Structure formats: C-alpha cells, structure tokens
Amino acid sequence: MVMFLCIVPLLSVVLSIFFENSSKEFLFFSVEQNFYTSIWTTFGVAAAIFTGILAIIDYNIRKEVTITLFGITLFISAILDIYYLLILNEKKVEGDFFSNLYFIWWINRVFYSLTLLVGTIVYLKIKARDLRTPLQKRKIIYKTAVFCFLAGVTCVFIIANTDSILQRKQVLSQMVKIDLFSFFPLVFLLVWATFYLPKFMLRFHSTFSKFLILSIAPLFLAQLFMALSTSAFDSYYNAAHYLRFISYLVPLAGIILNYVETVRNEQRIIAKLDVEVKEKHALTANLIERERLLANAEKISKLGSWELDIKTNTYKWSDELYKIYGFPGNTFYPTHAIAEQVIVPEYRQKLAKELGNAVKNKTNFAAEYQIVRPDGVKRYVLNQGYFASKENKLIGTVQDITELKEATLKLRKNETLLREGEAVSNNGSWEWQSNDEHVVWSDEMFNIHGYLPHSTIINISSYGNFVHKEDVKTLRQIFIDARQNKISFKANYRIVRPNGEIRHVSTTAKFKEDEIGKGFSYLGNTQDVTQLKETQRKLEEKINELNISNKDLEQFAYVASHDLQEPLRKIRAFGDRLKTKFAANLNLEGQDYIDRMQNAAERMQALIDDLLAFSKVTREVKEFREVDLKELLDSVLHGLDYAIESANAKITLSVNEKVDGISSQLAQVFQNVISNSLKFVRPNVQPLIEISSQVLVGSAIPVEGVSQHLYYCVIKITDNGIGFDEGYAGKIFDLFQRLHSRTAYKGTGIGLAICKKIVENHFGFIFAKSKEGEGASFFIVLPLKHSPT
C-alpha cells in the first residue's frame, strides 16, 4: 500500500510531460503555483501533529518511550512546516524565492533525519535498567523534548538567516560544482536506516517499529524528486512535498495500528486474565477445599503441623496442634517457652537434642515423648519432620499416639502373658500360609519340640523330621486332605525331641481364606499332652478298677439283700406264732417285745426291698423307646387308687408330651413322688395334687449341666402338704436321707434316691422347691429325644 502511494506521484510527473498545464489545473479549475505544495504541507502538518499527540497519549497509557521519541520529532517538524507554510503563502515572489523555499525545506529535512538518527542512537545507548520506573521514563521524555525543542529553535534561527546563508552557499557552489548540502538528509537517513534502525527494531519490537521501515521509501523518494526539481512548484517539487506527507502519514498509521494492536493485546490479556482469575478462583476454591480436607484429616488422625523459623525463633502452629496440646485454637501466638513448657520435663533434653542434630546435619528428625496439657492430662505424641535449608526453618508434624501407645503397651503385655501362658500350659501356636513354604512358630512351639526359640527354620517339608516315624504317614495324609478340601483339622501324634525323648502332642488348625488374592492359611495350636495322656491312662486304669469294684459291690448288695430275705421271713413267722399261740401266757411286757420285734422285721423287709429296687435300677440296661407320659401317669394313678381314696385327695393332670425313655422306670419315679405327696399331708386339709408339663429349650431351664440347645419336657408335681425347709432340697435325694422320724411318717429314705438314679439314667434332672407348711413342687426334666452322647 505504501509503495503504491509512493508510485502515484509519477503520474503527475508523466502528465506534466504530456500536458504542460496539468499542474496548474485542479478539477478544471485554475490554481496557483503553490496550491499543491500548500495542500501536501498542510496534510503533513496535520499528520505530524496527530502523530505527536497520539505518541503522548500512548505514553500515558502504555508508558512506552520509543514512540514518544518519534512523536516529539514529528511534532517539532510540524511546527517548522507551519513556519514554512506561512512563508510559502506570503505571495511574494522575489528574486531567488525558489532557492529560499528549497533551503527552508532542506532545513526541515535535515532536522527530521538528524533528529531520527541522534535520537535512535541515544535510545539504543540507554540501558534497560534505566527504563524500569515511570520516573526514569519521564526523565528520558523530558530530555528528548528539550533536545528537539532546542534543535527546532536552531532551525528557526537558521531559516531566519536564509539570505546570508545562501550568499555563502553561492560562494561554495562556485568552488564545488556538486550541491553537497542536498546530500546531507540522504546521508543521515542512509546511516539511520542501515545501521541503527535494525538494532532499534530488535530492541523495541512493535508494529510501529515495522512501519518505520516503510517510511524510509517516501523519505528517499522525496529527496530524489527535490533533486530533480528545476523550478519552484513544478511536478517534482510538488511530488516531493506529497512524499513528505506520506512519510508523516506512515508513522501515524503505525501508531494507530500499534494502538489497535495494543488494545487487542489488552483485550487478549484481559481475556487471559479473566481466564486466569477464574482459574485462580477455582484454584482458591480447590485450596480452600484442600485446607478443609487437610484440617479434617488432621482432626481424624490427630495430626498437627508446625514450623520454626531458626533466624527469628518464631513458631507457627496449625489449629489441630493447639487442640493436641490442649489449648483453644488460635488464641495466642506460640513461643519457644510455651512449646517447651508443654513437654514433660524428662523428655525436653531428648527433643532438643533431636532438633539440634536436624539443624546441624540438615536432616530429618523423629522423637516420641510425653506432653502435659494445661488440665494436667498427659498424652503421648510423635514429633517428626525435617530441616528446610533454603528457608532456614524446621518443619514438622505432631501426632497424638496415646491410644496407639497404650495399645502397643497392652499388646506387649498380652504377648508376655500369652508367652508365659503358653509356657505354663505347654501350648504353642503357629501359622502357615499357602504362598509361603515356611511355618511361623511361637517360642513355646520350639520348647515343645526340644529346641531353643528361633534356633532352626521350619517348613512344611522338614516338619516330618520332628514326627515319630510311625505317625508321619497319618499326619501327612490328614494335612493333605485338609489342604485339598480347605477345611480345618485336628491331629494327635507323637514327636521325637533331639535327645530322643518321645512326647505326645495334639494339634488343632483352623482354615482361613486370605481377603486379598486366592491364597489361604492355617492358624494352629499344638499342645504337649504327654502328661495328660499318662494321667488319662492311669485314670482309665482306676476307672476299670472302680467298675470292677462297683460290679462286685452291686453283686454283693444284691446277693446280701436276697440272702437276708430268708432269715427275715423266719423271724417274722416265728414272731407271728409266738403272738398267736403264746399271747395268753405272756404278760404285757412280753407282748410289747414281740410287737417291737415284728415292727423291726417289717422295717427290715421294706429296707431290703428298696435296696433291691435301687440295685436293680443301677444294673438294669434297657432300650429307650417313645413313652406317652399321659398314658403312663394315668396308669400310675390307677395303681394308687386306694391310697388316693384313703387320703381323699384331689388330683389334676394336664400332661400330653411324649419322651424317649424306659416306661417301667419312669412309672416308678412318678409313683414315688406322688406317693410322697399322698403321705406328707397336713391334718384336716384335703390333699390337692397338680401334675402339669411343658416343653422348654435348655437355655430356659435353671439347672446346671443342661444342654443349652436341647429341648426338654419339664413335668411339675405340686402338692399342698407339709412341705420342707428348702435348705434340705438337695439332700432329700440322697440314700437313707429322712427329714422326719419313723414314728411320724413311714419310709426308708431310699425312694427319692431311686427317682434321682432313674432320671439320671434318662439324662435328665430332678429337683424340688418348697416352703415348710406350704407344700412342695417336684420338677422332673427329661430330654424329648434320647441322644447316645
């Protein structure tokens, strides 16, 4: 575009060649000689003034000094052009007026080119550090303005003395045929454009700098056309002024475009800043969220942070650290005295040494110690961190580890107790994982096998060397089956210690699947049961001896009781004969003796019968079958009709259950208990007997030894008789145990013992509750189903 504007003047030159009057007419109107020069000079003045004004505005906005240099130069040039324009329009054509105008125009060109050259050189010499602050930039602007003003005043002074200078020039022109003065602006421009403008563009890179290159062409062409001009206001003269206007217009366009680019850059910067602001807002929100998460993490983990500036000896604590030390958060600035006061005295030297070493060696530190809060509570903390060399600070964290410390101490105590307990009970523990061949043993496991703790390495393959050779195959098969089926197992086997001693052990192992992966493990317990085996053997021998003795005693009791029957029957028979045949011959004392003998024989008979019954229960072994308790009790009550009728008793029966048992023995139990209720009645009180039953689970029955998850039938027999002191509730089921004299109530004291024996043979329980004078309740507890175990 600029090159096109530079070529346009050639058209006026061509027209002037073919049409002589073309330069004297404009739109078919006649014009004066100075018309075109005045127009282009006026336009140039306007462009230069606008350029200067925009340069000042640009400096106030962007604080950029480079454009201001050219703006001030053009502004002073515009003032000189105004002076030239006033002279041009005086309309006085004197002797050598063309020479005067040419000289004044040359002065303006010299001013402009020389100012550009000198100003550019000076600006390149200024160091970057001298252009950092607004004050430094203003000083440069003021110096530039003063320089340009003085240069402009000098030019005005020279122009005012044009005539005298031209007279001296005529003398020089006669001596030198070449007009050297016309080449000065070209030389200045050539030096400026060749040597300094490229450096200027490299240092002050902008759109305006690029446009300065474009202004070189019209400046050179203006000088060329002026050299070709032969008279004032001819086509070359006017073209030169036109090109001078173009040379002013190009920097103006550069400033405008530079400003446009600046605005666009500012818009881009604003948009970028807006994005950055949004990003910073997001980052700030993220940081706030992270701080919240960090605070929550510190709160959850009871972890506080701190830092100590070594130079100023000042502390900074996080909110959680205030809480750990027992202070309200952020109520004071922490100091070294407060930080030291919190620590229990016996730990202060230890911590100071750790921190001192960290600063000295520029390394990490870690210390565990106790603190005492203002309320007197002591806590364990772990203080760890590092020394930041660049910041000259100690940075660390303090974690409350009281619970962990107490748990560790408790764990150590439990481990000690477990180790001692294993040693006392000869009980060792072990663990084996499927992904590891080795077996982990406790200390007692080594002791059981006759080794010092951790003195040898144990694995699955080598353990067979510890086992008795007769038990290796069996133990190995048990482990293989358990491993394949992934089940727990138990094994009893023998081991051989290094000294050749054989020990019996019992191992119980629990199968456990790993939570991660497809592996599994076994947790085991091995107990030395050698003494238990020996004790068991001796006990079995004693039991065998006792069983033999019991059988002998039972046989003796049965035989003795049976053999006593015959002499007892003879005693009773001879007593009856004495009383029948010789009663008249005996006095009252003799008859009393016979009565007493008969009573003793009768009691002896009852006692022998009961002993035989008790022995029969002990020896008798019958098969358990289902028994309908209602039918059984109906049968028992039918057999007691006479006794019930004699006592005028009222009996209520509500039993419907069925149990596994021996019918005849259970009938004997109910007969004995109901007979007691009919025997031990209160005088002048009708006997009332209530028989009921219910099914209960073992856990609901208050009897020691009952199976918690087994179902039982509980038969309750309640009467309103004389009752008994409940302190004797456990003794009434013992052999020969009587609570009343033989004269008051008949009996041998064996009936309830037989009941207890029968119930125990049925794996049941019998007990009684009573209050003296208020009746008694007997409870018979029988399993619904018979279990061999």
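**Sheet architecture and nonpolar cores**

Strands 14 and 16 run parallel and are joined by 5 bridges. Within this pair, Leu653 stands opposite Ile691 of strand 16. The model described here is predicted. Strand 16 is also joined to strand 17, in this case by 9 bridges and in antiparallel orientation, with Gln694 placed opposite Val714 of strand 17. Strands 18 and 19, the latter spanning residues 776-783, are likewise antiparallel and share 6 bridges; here Ile766 stands opposite Ile780 of strand 19.

These pairings belong to an open sheet of 5 strands with mixed pairing, in the order 14-16-17-19-18.

Helix 18, formed by residues 629-639, lies across strand 14, strand 16 (688-697) and strand 17 (711-719), and runs at about 165° to strand 14. Helix 20 (residues 663-679) touches strand 16, strand 17 and strand 19, and its direction makes about 25° with that of strand 17.

Another part of the chain carries annotation from a sequence record. The unreviewed UniProt entry places the feature "transmembrane region" at residues 35-57, 69-88, 103-124, 140-160, 180-199 and 211-233. In the model, the stretch 103-124 is 100% helix and 0% strand, with its end C-alpha atoms 31 Å apart.

The largest nonpolar core comprises 49 residues, and those with the most contacts inside it are Ile107, Phe111, Tyr112, Trp192 and Tyr248. Two or more residues are given to this core by each of helix 2 (35-62), helix 3 (66-88), helix 4 (97-125), helix 5 (134-160), helix 7 (184-203), helix 8 (207-228) and helix 9 (235-301). Helix 4 gives the most, with 11 residues. When residues up to four places away in sequence are not counted, Phe111 touches Thr73, Ile76, Ser77, Leu80, Cys148, Ala151, Gly152 and Cys155.

Notes: Residues numbered from 1 in each chain as written. Predicted model: local features only at pLDDT ≥ 70, side-chain atom pairs only at ≥ 80, totals over all residues. Heavy atoms only, no water. Pairing = 2+ DSSP bridges. Helix = DSSP H or I, 4+ residues; strand = E, 2+ residues; numbered from the N terminus. Contact = heavy atoms within 4.5 Å. Axes fitted to C-alpha atoms, helices over the stretch in contact; angles between N-to-C directions. UniProt positions renumbered as here; feature names shortened; annotations may be inferred. Core = buried A, V, L, I, M, F, W, Y, C linked by side-chain atoms within 4.5 Å. Buried < 20%, exposed > 50% of the residue type's maximum accessible area, 1.4 Å probe, protein only.
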